[in-house]
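Trainee: I am new to this model. Can we go through it in short questions?

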Amino acid sequence: MPGSEAKADAGDAIRKRSLSSAEFADRFKESFQTLWYIAVGMVRDRALAEDVVQEAGLVALGKLNQYEPGTNFNAWMGQMVRYVALNLARRERRRRGMPLDQHDLEQFSAAPETANGADAIRRSEDGTLHADQRHFDDEMMRALEEVGDIARACLLLRTIEGLDYAEISRLLEIPEGTAMSHVHRARKFLRTRLSQASSERGAVA
Amino acid sequence: MTIESTGERESMIDAYLDGLLNTEKLKAFERELEADMQLRTEVDSQHRVDESLGRLFGPPDSEQIVERIRRTDPARVRVVSRGRIYLWLAAPLAAAAALAFFFGGGDILLQSILGNRNIAPLDLSPKTLAAIYQEEVAGGFKPRMVCKNDLQFAATFWERFGQTLGIATMPRGVSAIGLNRANTITRKTTHILVMVDGTPVLVFVDRADADAGQSLPPDSGLNLFPRRMGELVIYEVSPLGEARVLEYLNSPEYSAEELEGAGW
């Protein structure tokens with residue numbers, strides 16, 4: 001039928017057209033928060049995560065013709081972020097003279113090696129933290145070293161960004177059950193570790 | 001409902017936290033929370049963990065990064081192996097091996113890079129100010145970035161640190177070569193390469209609120225001259241006995257449109 005042919009043609013035209021750079025920047029801005037949590041979950045360092053997100057944006061900008069409008073933009077960008085974060089992890093491992101096997105990479109937990117460590121902690125608006133909160137956050141950063149990078153990303157996307165497991169699964173290209181398992185194991189591990197640390201300090205968990 | 005096993009307890013906690021309990025089970029779980037102090041403690045612990053994660057990893061302001069993306073021409077992005085990115089600066093000038101620049105009028109001629117398309121990868125492993133100085137000198141004291149005018153110079157610092165930076169006319173024998181970046185104070189620390197009467201001098205710039213103080217090894221043969229300018233902290237590192245560049249630094253005023261349009 002003529003009408004449906006016209007619709008099909010229009011649909012094809014939409015699918016074939018790449019995003020303009022302005023459209024990409026708008027979509028990137030909308031996705032920024034989600035991409036941030038993937039990046040900071042994987043590299044566990046705020047300043048490094050900003051570099052990862054920016055670099056991933058630039059990589060994607062150079063590959064705009066590879067993105068199909070109408071498909072999951074966040075999943076496509078999530079790939080870029082993971083790719084860039086993994087490359088930074090490889091460089092970090094090389095710098096430290098450590099092996100590069102896949103298992104190690106998945107378990108990689110970069111220490112936040114900023115010169116003064118200040119980037120690792122985000123302060124409240126008036127610049128202060130309660131001493132108890134500071135201790136707790138310090139313990140949290142230490143405990144997170146033992147959580148794998150993809151597991152950390154799953155945890156942040158679920159806990160802070162509030163994504164469901166289906167979306168996390170699409171973003172990180174892992175099975176939904178795996179995403180759920182990562183979050184549940186990480187929660188349990190952190191609760192237990194931090195409760196132990198609080199008990200040792202004599203504070204009430 | 002009574003939670004019998006540890007595994008069942010943990011599953012219920014996760015289902016509760018994930019909002020996956022139906023109405024009936026939710027009410028039952030909440031009754032259990034009131035009655036079981038250990039369960040309540042675990043859930044409270046999880047809330048504390050979640051709050052800490054929010055404090056530690058809440059997202060930054062995206063504006064600067066988004067603006068950088070907006071201002072980048074996709075045609076100038078080259079992605080080589082392993083996802084390294086080089087922004088190819090397509091110099092309009094004819095190929096020339098020598099670098100020509102001067103301050104004074106504030107004009108810095110753009111370095112021709114037609115013979116140098118692949119810039120060496122930026123090493124952002126953490127290093128001290130002294131180490132960076134030694135590396136720059138050993139590497140021939142060559143900048144990674146050369147600004148084409150005062151506006152671009154100011155915009156570079158505005159983009160990175162939220163405040164412009166400028167250099168007033170400097171005397172004969174003192175000339176800025178260009179900029180580089182290294183992970184010293186933070187991963188964004190930018191340093192200006194300056195020649196002072198034939199002596200290499202570095203001027204490191206970053207946000208003051210990110211700086212915990214810097215020092216140099218006593219046997220480095222270098223001196224450290226700090227300065228605070230608005231939101232910026234600036235360190236001149238030099239073998240000379242006095243600061244020779246700091247006094248010429250300022251923070252010029254430009255409109256947001258001018259700064260945003262100053263891109264590479």
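Trainee: Which side chain of opposite charge is nearest to Arg160(B), and how far away is it?

Mentor: First, a caution: this is a predicted model, where local features need pLDDT of at least 70, side-chain atom pairs count only at pLDDT 80 or more, and totals for chains, interfaces and linings use all residues. Residues are numbered from 1 along each chain as written, chains are lettered from A and ligands numbered from 1 in written order, and side-chain values use heavy atoms, without hydrogens and water. Arg160(B) is buried (under 20% relative accessible area, 1.4 Å probe, protein chains only) and has no salt bridge, a term for a side-chain nitrogen of Lys or Arg within 4 Å of a carboxyl oxygen of Asp or Glu. Lys and Arg count as positive, Asp and Glu as negative, and the nearest opposite charge is Glu159(B), at 5.0 Å.

Trainee: Which residues does Arg160(B) touch?

Mentor: Arg160(B) lies in helix H6 (residues 150-161) of chain B; helices are DSSP runs of H or I, at least four residues, numbered from the N terminus. Contact means heavy atoms within 4.5 Å. Leaving out residues up to four places away in sequence, the partners are Gln64(B), Met145(B), Arg181(B), Lys188(B) and Thr190(B).

Trainee: Which residue of chain A meets Lys188(B) in a salt bridge?

Mentor: The rule finds 11 salt bridges across the interface of chain A and chain B. One of them joins Lys188(B), N to O at 3.2 Å, to Glu50(A).

Trainee: How much area do chain A and chain B bury between them?

Mentor: The contact takes 64 residues from chain A and 49 residues from chain B. Buried area is the accessible area (1.4 Å probe) lost on being put together, summed over both parts. Of it, 58% is on carbon and sulfur atoms, and the total is about 5300 Å².

Notes
Buried area = accessible area lost by both parts, 1.4 Å probe. Helix = DSSP H or I, 4+ residues; strand = E, 2+ residues; numbered from the N terminus. Buried < 20%, exposed > 50% of the residue type's maximum accessible area, 1.4 Å probe, protein only.
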